[in-house]
Amino acid sequence: MAEVHIIGQILGGSDFPDNSLYCKWSLSAGSGWRLLQGIKEGQTHVDNPTYEPFAAWSHPIDLHYTTKGLQGWPKFNFEVWHQDGFGRTELYGYGSCHVPATPGFHELECVTWRPIGSIKDQITSYFVGGGLQLKNPELAIANSESYRLKTVSMGKVHLRLNIILRNFDKYGVEF
């Protein structure tokens, strides 16, 4: 079977409205993909940078997949959260990006967004805090339904990945 090794790290987040951020992440793949080694979901620590607008997480990623085909190529899914001084958390963004399909070193920026709702929701969020989040986070991944949402752009999640592909040529796939 063809193999994909994904080795690297989630560097951090930038361009978010506040500091004190952490990230929940997962990797989803199609039904023809099987995870041999590694953990396909996790959470970073909270970073509260003082001098830079960049939350540094340096969270390691090390996964090994096998596959019989290219359908359902692996994809990172992110939820970035803000933690205030009282320990309360607020969703700051959803994002997703595909794992690069070419071998080698890659630096990625995954843009994030969050739902804003109606004017009433926005005013409530401004004065009370909290903000909106999806009842079903899977909707953030399913591009077919996300066009119906009112959203606003948020910051970016930065990744550094090394991709190793093995035995794809034996299955007739050339890069």
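**Entry 1: Phe-76 and its strand**

I looked up Phe-76 first, and its bridge partner in β7 is Cys-97. Strands here are DSSP E runs of at least two residues, while helices are H or I runs of at least four, with numbering from the N terminus. I count two strands as paired if DSSP finds at least two bridges between them. This is a predicted model, so I kept to its thresholds: local features need pLDDT of at least 70, side-chain atom pairs count only at pLDDT 80 or more, and totals for chains, interfaces and linings use all residues. Residue numbers run from 1 along each chain as its sequence is written, and side-chain values use heavy atoms, with hydrogens and water left out.

β6 (residues 75–83) and β7 (residues 89–98) run antiparallel, joined by 9 bridges. The two form a hairpin with 5 residues between them, and Gly-87 in the turn has a positive phi of about 85 degrees.

I then checked the other partner: strand β2 (residues 21–28) is also antiparallel to β6, with 8 bridges. Tyr-22 stands opposite Trp-81 of β6. Trp-81 has a charge over its ring too: the charged end of Lys-24 sits 5.1 Å from the ring centre. For this I need NZ of Lys or CZ of Arg within 6 Å of the ring centre and within 35 degrees of the ring normal.

My scale is relative accessible area, with buried under 20%, exposed over 50% and partly exposed in between (1.4 Å probe, protein chains only).

**Entry 2: cysteines**

I searched for disulfides, meaning pairs of cysteine sulfur atoms within 2.5 Å, and the structure holds 0. Cys-23 is in none, and its nearest cysteine sulfur, that of Cys-110, is 8.7 Å away. Cys-23 is buried at 0% relative accessible area.

How far is the sulfur of Cys-110 from the closest cysteine sulfur? That distance is 4.0 Å, to Cys-97, which is too far for a bond. Cys-110 is buried as well, at 1%. Cys-97 is the residue I had already noted as the bridge partner of Phe-76.

**Entry 3: aromatics**

I found 6 aromatic pairs in the whole structure. Rings of Phe, Tyr and Trp (its six-membered ring) pair if their centres lie within 6.5 Å; planes under 30 degrees apart are stacked, over 60 edge-to-face, and the rest tilted.

One of them is the tilted pair of Trp-73 and Phe-168, at 6.1 Å centre to centre and 50 degrees between the planes. Trp-73 lies in the loop between β5 (54–67) and β6, and Phe-168 in the segment after β9 (151–166), so the pair ties together parts 95 residues apart in sequence. Trp-73 is buried at 13%, and Phe-168 at 5%.

Phe-76 turns up again here, stacked with Phe-78 at 5.8 Å centre to centre and 5 degrees between the planes. Phe-76 is buried at 0%, and Phe-78 at 2%.

I also noted one aromatic cluster, formed by Trp-33, Tyr-65, Trp-73 and Phe-168.

**Entry 4: Gly-38**

Last, I checked Gly-38, in the loop between β3 (33–37) and β4 (41–43). Gly-38 is partly exposed at 42%. Leaving out residues up to four places away in sequence, Gly-38 touches Asp-62 and Leu-63, where contact means heavy atoms within 4.5 Å.
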